[in-house]
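Please open the model in a viewer and keep the selection tool at hand.

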Amino acid sequence: MQIKSAKFVISNQNVANCPKTNIPEYAFIGRSNVGKSSLINMLTNQKNLAKTSSKPGKTQLINHFIINDNWNLVDLPGYGYAKVSRSQKNIFQKFITNYFKERKQLVSAFVLIDIRHSPLPIDIDFINWLAYNSISFSIIFTKCDKLKPNVIKSNIEKYKQKLMQDWEVLPNFFTTSSSKFIGRDEILDFIQKVNENLVKS
Ligand code: GTP
Ligand code: MG
């Protein structure tokens, strides 16, 4: 898919205030600092469309971006950031889970996982929560520029083994680096195919 336009629409904390337009939507979620906002900039080929930071906790709202005037991409706050207060964390968790439970336009989520880590309980819990709630998702491994190909391969294998302990069917996996522009075409082609199938159905 070619990105002809990518525009910021709205930021908010409440799923009820998200755009009312009935176009397909894809959301990016994962631990703070995993690279969600950077990936959105890589996909849209823009440097600062989504705000990024080396410090975790940068994205704090539900951010909608409209792509090619016909689908939405959503940048969400990260989970598992220890430095926000407990009350703030609860607010985050609630509005994030509300977003996933209530957003009818959401076609599929992307759960971002830092390729350098072995499976972390917080990520596995979130993946299982999506699956139990029948929310369609793919997994995107980020920061692949930081590891050698053989380590990438074995870390992905470990992740698959971990998920197979709970699930018979594995999600789609993508391997990416936002700094090296790796994985861009694969993700955009996947979104294009899903969008085309929605039109047919
Ligand atoms: P929050 O909004 O805080 O939840 O973080 P986020 O998941 O949106 O992460 P963000 O995109 O802001 O990136 C966090 C840090 O990781 C920044 O310093 C990025 O430059 C860096 N980063 C993101 N993607 C990559 C990547 O593919 N490779 C490398 N080497 N660094 C990356
Ligand atoms: Mg962010």
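Select ligand 1 together with aspartate 145: a nitrogen atom of the ligand lies 2.8 Å from an N or O atom in the side chain of aspartate 145. This is a polar contact, that is, a pair of N or O atoms within 3.5 Å; within protein, one must be able to donate a hydrogen and the other to accept it, and residues adjacent in sequence count only if both atoms are side-chain atoms. Taken alone, ligand 1 exposes 650 Å², of which the protein buries 86%. Such areas come from the Shrake-Rupley method with a 1.4 Å probe, and for residues only the protein chains shown count as cover.

The model is predicted: local features need pLDDT of at least 70, side-chain atom pairs count only at pLDDT 80 or more, and totals for chains, interfaces and linings use all residues. Residues are numbered from 1 along each chain as its sequence is written, chains are lettered from A and ligands numbered from 1 in the order in which they are written, and side-chain values use heavy atoms, with hydrogens and water left out.

Lysine 143 is placed in the loop between strand S6 (137-142) and helix H4 (149-164). Helices (H or I, at least four residues) and strands (E, at least two) are DSSP runs, numbered from the N terminus. The phi of lysine 143 is positive, near 60 degrees, in a residue other than glycine. Most residues other than glycine have a negative phi.

Glycine 78 is the next selection: a polar backbone atom there is 3.3 Å from an oxygen atom of ligand 1. Now display the whole surroundings of ligand 1, which comprise 22 residues, the closest being Lys36, Ser38, Gly57, Thr59 and Ser178. A residue counts here if one of its heavy atoms lies within 4 Å of the molecule.

Which residues coordinate the magnesium ion (ligand 2)? Select Ser37 and Thr59: their OG and OG1 atoms, respectively, coordinate the ion at 2.0 to 2.2 Å. Serine 37 lies in helix H1 (residues 36-44) and threonine 59 in the loop between H1 and strand S3 (62-67), so the pair ties together parts that are 22 residues apart in sequence. Donors are N, O and S atoms within 2.8 Å of the metal (3.2 Å for Na, K and Ca); water is not among the atoms, so sites may look incomplete.

Serine 37 is buried, with a relative accessible area of 7%, and threonine 59 is buried as well, at 14%. Buried means under 20% relative accessible area, exposed over 50%, and partly exposed in between (1.4 Å probe, protein chains only). A polar side-chain atom of serine 37 also lies 3.3 Å from the backbone oxygen of lysine 51.

In the loop between H1 and S3, pick asparagine 45. Asparagine 45 counts as exposed, at 54% relative accessibility, and has a positive phi of about 60 degrees although it is not a glycine.

Move on to S3. Six of the six residues of S3 are buried, so the strand is largely enclosed by the rest of the structure. Ile62, His64 and Ile66 lie on one side, and Asn63, Phe65 and Ile67 on the other.

Show the neighbours of S3 in turn. Strand S1 (residues 6-12) pairs with S3 in the antiparallel sense over six bridges, and lysine 7 stands opposite isoleucine 66. Two strands pair if DSSP finds at least two bridges between them. Strand S4 (residues 71-75) is also antiparallel to S3, over five bridges, with phenylalanine 65 opposite leucine 73. S3 and S4 form a hairpin with three residues between them, and asparagine 68 in the turn has a positive phi of about 50 degrees.

Next, select strand S5 (residues 106-114), where eight of nine residues are buried. Strand S2 (residues 25-30) pairs with S5 in the parallel sense over six bridges, and phenylalanine 28 has phenylalanine 110 as its bridge partner.

Finally, select cysteine 18, buried at 2% relative accessible area, and cysteine 144, buried at 6%. How many disulfides does the whole structure contain? A search finds zero, a disulfide being a pair of cysteine sulfur atoms within 2.5 Å.
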